Amino acid sequence: MAAQRNIRSLASIVALLATFVLAGVPAYASGNSETQASAAGSTGTVKLLNVSYDPTRELYEDINAAFEKYWKDKTGQTVEIEQSHGGSGAQARAVIDGLEADVVTLALAYDIDAIAAHGLISPDWQSRLPDNSTPYTSTIVFLVRAGNPKGIKDWDDLAKPGVSVITPNPKTSGGARWNYLAAWGYALKHDGGDQAQAEAFVRAVYKNVPVLDSGARGSTTTFVQRGIGDVLVAWENEAFLALKEQGAGSFQIVVPSVSILAEPPVAVVDKNVDKHGTRAVAEAYLRFLYTPEAQTIEARNFYRPRLQSVASAFSSQFPKVELLTIDQFGGWAAAQKTHFADGGIFDQIYQVQ
Amino acid sequence: MIEQALRAEPARRSEATDERPVVRGALIVVALLFVAVFLVLPLLVVFGQAFAKGVVFYARAIEEPDSLAAIRLTLVTAFAAVSLNLVFGVLAAWTIAKFRFFGRSVLVTVIDLPFAISPVVSGLVFVLLFGAQGWLGGWLSAHDIRIVFAPPGIVLATVFVTFPFVARELIPVMQALGNEEEEAAIVLGASGLQTFFRVTLPNVKWGLMYGIVICNARAMGEFGAVSVVSGHVRGLTDTIPLQVEILYNGYSFTAAFAMASLLAFLAIATLVVKSLVEWRLSRESKDGN
């Protein structure tokens, strides 16, 4: 009798709770579609989500402020750009899993290809904007502690025993994949194109890596703040930023004899902009990255500008270095398959340790 | 200190309940030193760093729109997680303490599951369920319902991680109380709900308070599971712990520690409330006897 009563009141509490939860979800959903409806209107505020890779936080803070002003002057519409940053591969995964980015600005083309493979971006995305859809480039350099106590000058110094190398995880970080390929390219160049020797060289470098962070900024923090490692293999822009933030007294940049032309591309996420009604402003945002104003902001944030006039104005900032390109590795699809896919060369290198 | 403690070891064993004053002193010093180094010192560092550039900078760091948004989201998430777990926890504890049924021991084990699972996995589960490529992804997207990479996902992950706290606190209290008072109430004509609100709830209220306080502290501080489902959209899906990481990685150390100090304040407040509740609990059990 008592148990029956108890069960009945239990049931009524469950029902009450279920109503609460079920009432809550659609309420939230309708809240969402409301903001999107207002985003589609041409007079109100329009919101864009830029899902980017790790080191671009400072760059896009500046770019967004400039674009918001540019768009307001041009159309009278207020645009608010939201930012999300993380390892390039992890960010691509989040967009595939439903993070509703209007534009992606990632570390390498393969990560945008991965999103395109899930039907969110048109397969021809890389030809829709100039310069392979990469408004700025960068390269890979070394950041060492002041005075360069380990005497690091080139890639072969990274393979020497007793040198601790900091680089992120190529599985999740775009920058890490550029780092890896630059090392591989150096070895190929010095060993007459012998792939087996290149693999042995890269294996020796990764033997010196005590920790693989998931993104480039995580590795910078490991090296700069936590004081781990003798050399940080980093994006040129990331190395310059660390110098700027930490003062030139504690670190210095070493430019290797050969590096790689890193092209971090940008793309509109077709499926999401069509859903949000934000295609026009999203496309204008990416085209804005090629304007002299934006190119100057990019150069000031230590990204190499594409525009010749801006590039020559900042020519003293960027050291001249022989640059390999991704085409020498057969393009990103081939490089990914050979080196970074499950069971690829990187897995073999890192597992045997 | 450690040497002393080690040397004291055999002595302690031979006279288990009656240590010499030297041994007792050494043990106390070791314990206090440990607490100072591992608990008090980090806390002091957090506050020292947070106020390194003065109170004005501290206030400005917290008034930053993204930081304010993170604080707001953390409060909303904690409120939702605590409310849901309050209801779920009371129901689960009641069911387990008052009834014998098939699968009861399984239920007890399942409630503890979030303790055993890594928070990262807890987050990933929701991405696999509600993500665009997940089981329910297509349906959710067709109805324009966003769960992961939006506040509902953060609430869900937090609820999952903090699920055991309320139930775990209540089960032993309810079991100790037994069914007599409820049965008496029902015999005297009270309805099920009346029995619950007039008899059961007052009996367990301090245990419940304790569970809520702990649940709230964990809900506000959760990093791993929330990080996986967040999407890291600034000013929208970052909670205080995530904002701390973003600020720290963005070379804004003082601001990062200012945000971290908010969590530290919360921890201290939690401790105070917890001690109060514990004090009430012990007094009540004495009264009961």
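This is a predicted model: local features need pLDDT of at least 70, side-chain atom pairs count only at pLDDT 80 or more; totals for chains, interfaces and linings use all residues.
In chain A, 4 strands form an open sheet with mixed pairing, arranged in the order E2-E1-E3-E10. Strand E2 (78–85) and strand E10 (266–268) of chain A stand at the edges of this sheet, each with a single partner strand, so one side of each is left without a neighbour there. From one strand to the next, the twist averages 20°.

**Strand pairing**

- Strand E1 (residues 45–52) and strand E3 (residues 103–105) of chain A run parallel and are joined by 3 bridges.
- Ser52(A) has Thr105(A) as its bridge partner in E3(A).

**Helices on the sheet**

- Helix H2 (residues 57–75) of chain A packs on the sheet and touches E1, E2, E3 and E10 of chain A, while its direction makes about 165° with that of E2(A).
- Helix H3 (residues 88–96) of chain A lies across E1, E2 and E3 of chain A, and runs at about 135° to E1(A).

**A helix pair**

- Helix H7 (residues 174–190) and helix H8 (residues 195–207) of chain A pack with their axes 8 Å apart and at an angle of about 130°, which makes H7(A) oblique to H8(A).
- The crossing in which H7(A) passes H8(A) is right-handed.
- Residues making the contact include Tyr180(A), Trp184(A) and Leu188(A) from H7(A), and Gln195(A), Glu199(A) and Phe201(A) from H8(A).
- The residues of this contact between H7(A) and H8(A) divide into 11 nonpolar, 1 polar and 1 charged.

Terms used: Residues are numbered from 1 along each chain as its sequence is written. Chains are lettered from A and ligands numbered from 1 in the order in which they are written. Side-chain values use heavy atoms; hydrogens and water are left out. Two strands pair if DSSP finds at least two bridges between them. Helices (H or I, at least four residues) and strands (E, at least two) are DSSP runs, numbered from the N terminus. Axes are lines fitted to C-alpha atoms, for helices over the stretch in contact, and angles run from 0 to 180 degrees between N-to-C directions. Contact means heavy atoms within 4.5 Å. Angles under 35 degrees count as roughly parallel, over 145 as roughly antiparallel, 65 to 115 as roughly perpendicular and the rest as oblique. A crossing is left-handed if the near helix is turned anticlockwise from the far one by less than a right angle, and right-handed if clockwise. Ala, Val, Leu, Ile, Met, Phe, Trp, Tyr, Cys and Pro count as nonpolar, Asp, Glu, Lys and Arg as charged, and the others, Gly among them, as polar.
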